[in-house]
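Please open the model in your viewer and keep the selection panel at hand. We will go from stop to stop, and at each one there is something to select and something to look at.

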Amino acid sequence: MMKNEKAQVRVLEAFLAVLLVFSAFVVSATLFIVPEESGGEELDSLGMQVLLALDKEGLLGRFIDEGNWTGLRESLKALLPPAVLFNLTVYSESMQKLNTTPISNQAVKSSQVTCIEYVCASRNLNFRYYILRLQLAMAK
Amino acid sequence: MPTASIDTFFACSLMTILVLSAMAGLSITLFPHSTTSYNEETEERFLQLTKYILLNTGSPENWGENSSIVPSYFGLAETNGIYALNIDKVSRLNIENVYALSYSNILDSLKIKNVAIRMSIKPVFDVQINMTSNLDEGNETVYVFEIRTVKSGLPLSTLVKSHLLVEEQVYSKPYLTLQNGYGVINFSVSNSLSGKATLIVLAKHAFDPYIVSFATYPFQHNSQESLVEDGVFLQLSPLNYTLHVSLLHAAVNVSKAYAFSFNYTFELRKTYENESFLKYTIPRLQDISPLVLAVTGRNSTNAFVECVPYPQIPLETGATFSDSTRSNVITHQQIIMINRVLYEFTLKSGGPTT
């Protein structure tokens, strides 16, 4: 009887150990945060590249000075891949929205939108600077 | 055997099996995440490689323009340029240039091991030319061409300038606006001329003057000979604002050389000539445009025109990634500027199979 009791306790111990190992495994799995796959950094880099390329010879500031929103939109369309949706808003120094028409290829409706802020200085004789907010998303 | 020993043995076996299975399960769960971390490191490393190539001039700094120099350190940047590449360094990546660097030269000067790379540079948009009709009207033949300017298959509004060369004759058309990236041009070419002719089209983005592209379209005019590709009679290698012309056949004679930019056309001045080699000076223009250089000449019987762009783009050089010997192939794209014109640079990098 005594021997049987000891055996039962050992089996019970084994099951408790099993329970412990499994619970540790389950808890550790839930604690592990899976990093979300996103192309946010790539879009960020792409957007910055495009704005820098446009600003390199002062064309970006010239478009804004002249209020040439169509030119700005078409230039962005030419430099960004067609699968990238964009929406650019131009603000003055006092954060007033300047573009009278939307500068976008399509409405940016996505759960993952990257937003880039860029400060552009006009090369005009009267010094001005503008704040540009470029939203980018991948078309689905 | 006592019952207790059997129970202990059973309990220990159960414990061992469960611990092992737990360890195996854990390693299976964590493996993808450890691989992701490895990939992120690899991606970062290759991103830094792209930046290094585009932001460094290499050593010596003038390795591009001097055809005899193989760089000890690789870099494509113009001196004092940010993402601005040197026209000659880029041209020396094109394998059609007689002074091109070999792939091993590039890898040696990059001082990296166990990495394969493939570089490509191309204009931001494409110009497509298609001949739709040719009508013989006695003294002359009328050619009609469709021109399309597209980016990734989507039309792009542009302004185009076109020239047609036959023998030594240059026909030019006024600027044409392609509203939806489509237009038609026609050329009437005298039937007193014959041989391989070439249509050259330079196109500029309707709003951004720094986005320029071009295309050439060779065809036979007034001749029954089959059309031969560029590079059959001559090897054209522009470098350091000099066009180096190597004659590939003894029976070939060169008559004239021209440079076409978006706004200007020049006849090039010959500075050197021997039996198999000629040199022409290329003008340094302020025009925001690539140059298309055209050389006219004759083989034993027929006239021909051969063309080369300067910078010698589009180009693609390096390893091929079509086989399965490489893994972790990462692609980085960057908009770059060469002589104030924007292009797309792509670097594919890959390490050995892990």
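The tour starts with confidence, moves to the contact between the chains, and then visits some spots inside each chain.

**Colour by confidence**

Keep in mind that this is a predicted model. Colour chain B by pLDDT to begin: the average is 91, and 95% of the residues score at least 70. For the complex, the predictor gives an ipTM of 0.81 and a pTM of 0.84.

**Select the contact between A and B**

Now show both chains and select the residues that touch across the boundary.

As a general point, side chains of opposite charge can pair when their charged atoms come close. Polar contacts also cross the interface of chain B and chain A, with eight residue pairs found.

**Zoom in on an aromatic pair**

Over all chains, the structure holds 14 aromatic pairs. For one of them, select Tyr143(B) and Phe219(B): the ring centres are 4.7 Å apart and the planes stand at 55°, so the pair is tilted. Tyr143(B) sits in strand S4 (residues 140–151) of chain B and Phe219(B) in strand S11 (residues 212–221) of chain B, so this pair ties together parts that are 76 residues apart in sequence.

**Turn to a helix in chain A**

A search of the whole structure finds 13 salt bridges over all chains. One of these joins the side chains of Lys77(A) and Glu74(A), at 3.6 Å from N to O. Select helix H4 (residues 69–79) of chain A to see where they sit: both residues lie in this helix, three residues apart, which is about one turn.

**Finish with the backbone of chain B**

Switch to a view that shows backbone atoms and select Ser59(B) and Pro60(B). The peptide bond joining them is cis, with omega about -5°. Pro60(B) belongs to the loop between H1 and strand S1 (84–85) of chain B.

Stay in the loop between H1 and S1 of chain B for Tyr83(B), which is also located there. Tyr83(B) is not a glycine, yet its phi is positive, at about 55°.

For the last stop, select Ile313(B) and Pro314(B), where the peptide bond is cis with omega near 10°. Pro314(B) is in the loop between strand S19 (303–310) and strand S20 (315–318) of chain B.

Technical notes:
Residues numbered from 1 in each chain as written. Chains lettered and ligands numbered in written order. Predicted model: local features only at pLDDT ≥ 70, side-chain atom pairs only at ≥ 80, totals over all residues. Heavy atoms only, no water. pLDDT = per-residue confidence, 0-100. Polar contact = N/O pair within 3.5 Å; in protein donor to acceptor, adjacent residues only side chain to side chain. Phe/Tyr/Trp six-rings, centres within 6.5 Å; stacked < 30°, edge-to-face > 60°. Helix = DSSP H or I, 4+ residues; strand = E, 2+ residues; numbered from the N terminus. Salt bridge = Lys/Arg side-chain N within 4 Å of Asp/Glu carboxyl O.
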